[in-house]
Amino acid sequence: MTTTAAGLGIDLFSRVLGADEDEPPDKLVRTARSQSWALPALLLSAYARDGRPLGSGSADELRRAKNRKQNYAALAAALAGTSARIVKGPSLARHYPEPLVRPVGDLDVVVPDEAELWRVVRTVLDNAPVETIDVSVFGYPEAHLLVQLEWPGEDPMLDVENAVEVCTAGFTGAQGPVRVRAELPAQPVVTDLLALAEERFQRGFKAKDVIDIAVLGQVAFSPADVVAAAERWQLAPELLELLDLAGDLVDLGLLGQTRQPLRAAAERELDRRENWSAPTIPPGADAMTTALVEGRSVGGLLLRETRRDTDPETTRLRRFGTSALLATPVGDYLLVDHPVVTPEQHADALAALAAMDGEDR
């Protein structure tokens, strides 16, 4: 089971998808589509590489995936003058050998602070047809910001939306003992591996994760550095789970050398989690503070889109009653820790926003 560049063939994709490699292409593509929106284009690029003819629909799907990847690459290039780091999708995709195309769902950008976050957001707005901007706050005791900018895919009926996520923390964690870890590892490949492991807090591992591992296993890195980083960033159990899953299907390359030391690191991390104590909610805490202490994010409901002439570098938080407003360079948001906002809450928020405008005059 080799997974060198030449080994990324239909046999490997079939094995990872749990399918027979002798199945006709249409059936294998349908299987891929049932597992991930991103896998069909990767599979189509493998068929095209192997000289299999593509029809009009499959050829256009592959073309759109290439365009999407190039558009994100252009956005990443526009951010080259900032201190932002691109993680996950585009960073992983660059390791795939041509002409294979690993589709990129979104652009994940990590920044060191809030001022840089808004500089990156402005750059994206200048270079992409953004239609919606969502803002959320998470983390305790230090609060972090996540801004997601979205616009339709090239074919809105078939493609997932384009999205750029800009965040002041590298790893957002989950409710429970693995919380926010803001810093990123220095080595991009180590960051990519940990980012894959971090996905386990949101969902189970999938076929595309296994294929990413097959590719990353062939990249030059220090296995000892990977193990040390997995322990430091509290992800040894998740990375080990992914490698154990992948190890039954693909050649792990250098990553094979990490599995045994990861088992010991995972045991230590699980012990830490078992003995972890949740932070205490401060007396009289409002709903926002309570949510952050519990490890939940607080979403922003857009009240008013703005492009402030003063172009402030930071946000401004205003509490009113048991709620809070977040004034940002791109819009004013009501911060909520639940999906439903009553008409009364919305009206109160608008009144608080008007009062804040009066204070600014």
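**α9 and α11**

I looked up helix α9 (residues 223-232) and helix α11 (residues 259-274): their axes come within 10 Å and cross at roughly 10°. Axes here are lines fitted to C-alpha atoms, for helices over the stretch in contact, and angles run from 0 to 180 degrees between N-to-C directions. I therefore noted α9 and α11 as roughly parallel to each other. The cut-offs are under 35 degrees for roughly parallel, over 145 for roughly antiparallel, 65 to 115 for roughly perpendicular, and oblique for the rest. From α9, Val227, Ala230 and Glu231 meet Pro261, Leu262, Ala265 and Arg268 of α11. Contact means heavy atoms within 4.5 Å. I sorted the residues of this contact into 5 nonpolar, no polar and 2 charged. Nonpolar covers Ala, Val, Leu, Ile, Met, Phe, Trp, Tyr, Cys and Pro; charged covers Asp, Glu, Lys and Arg; the others, Gly among them, are polar.

**Ground rules**

I am reading a predicted model, where local features need pLDDT of at least 70, side-chain atom pairs count only at pLDDT 80 or more, and totals for chains, interfaces and linings use all residues. Residues are numbered from 1 along each chain as its sequence is written, and side-chain values use heavy atoms, with hydrogens and water left out. Helices (H or I, at least four residues) and strands (E, at least two) are DSSP runs, numbered from the N terminus.

**α7 and α8**

Next I took helix α7 (residues 188-198) and helix α8 (residues 207-216), which pack at about 160° with axes 11 Å apart. That angle makes α7 roughly antiparallel to α8. I logged their crossing as left-handed, meaning that the near helix is turned anticlockwise from the far one by less than a right angle; clockwise would be right-handed. On α7 the contact uses Val189, Asp192, Leu193 and Leu196; on α8 it uses Asp209, Asp212, Ile213 and Leu216.

**α1**

Helix α8 came up again when I checked what the buried residues of α1 pack against: α2 (25-35), α3 (39-49) and α8. In α1 (residues 10-17), 6 of its 8 residues are buried. Buried means under 20% relative accessible area, exposed over 50%, and partly exposed in between (1.4 Å probe, protein chains only). I listed the buried ones as Ile10, Leu12, Phe13, Ser14, Val16 and Leu17. Gly18 follows α1 and has a positive phi near 70°.

**The sheet**

I traced an open sheet of 9 strands with mixed pairing, in the order β1-β2-β5-β4-β3-β6-β9-β8-β7. Two strands pair if DSSP finds at least two bridges between them. β1 (85-87) and β7 are the edge strands, each pairing on one side only. Neighbouring strands are turned by 25° against each other on average, direction ignored. Helix α4 (residues 56-78) packs on this sheet and touches β1, β2 (107-110), β4 (144-151) and β5 (162-167). Its direction makes about 30° with that of β5.

I then followed β6 (residues 298-305) and β9 (residues 331-336), antiparallel over 6 bridges. Gly299 stands opposite Val336 in β9.

β7 (residues 316-320) and β8 (residues 323-327) also pair in the antiparallel sense, over 5 bridges. Arg319 has Ala324 in β8 as its bridge partner. This hairpin has 2 residues between the strands, and Gly321 takes a positive phi near 60°.

**Asp348**

I ended at Asp348, in helix α13 (residues 343-360). Its relative accessibility is 46%, so I counted Asp348 as partly exposed. Its C-alpha atom is 9.3 Å from that of Ser323, 25 residues apart along the chain.
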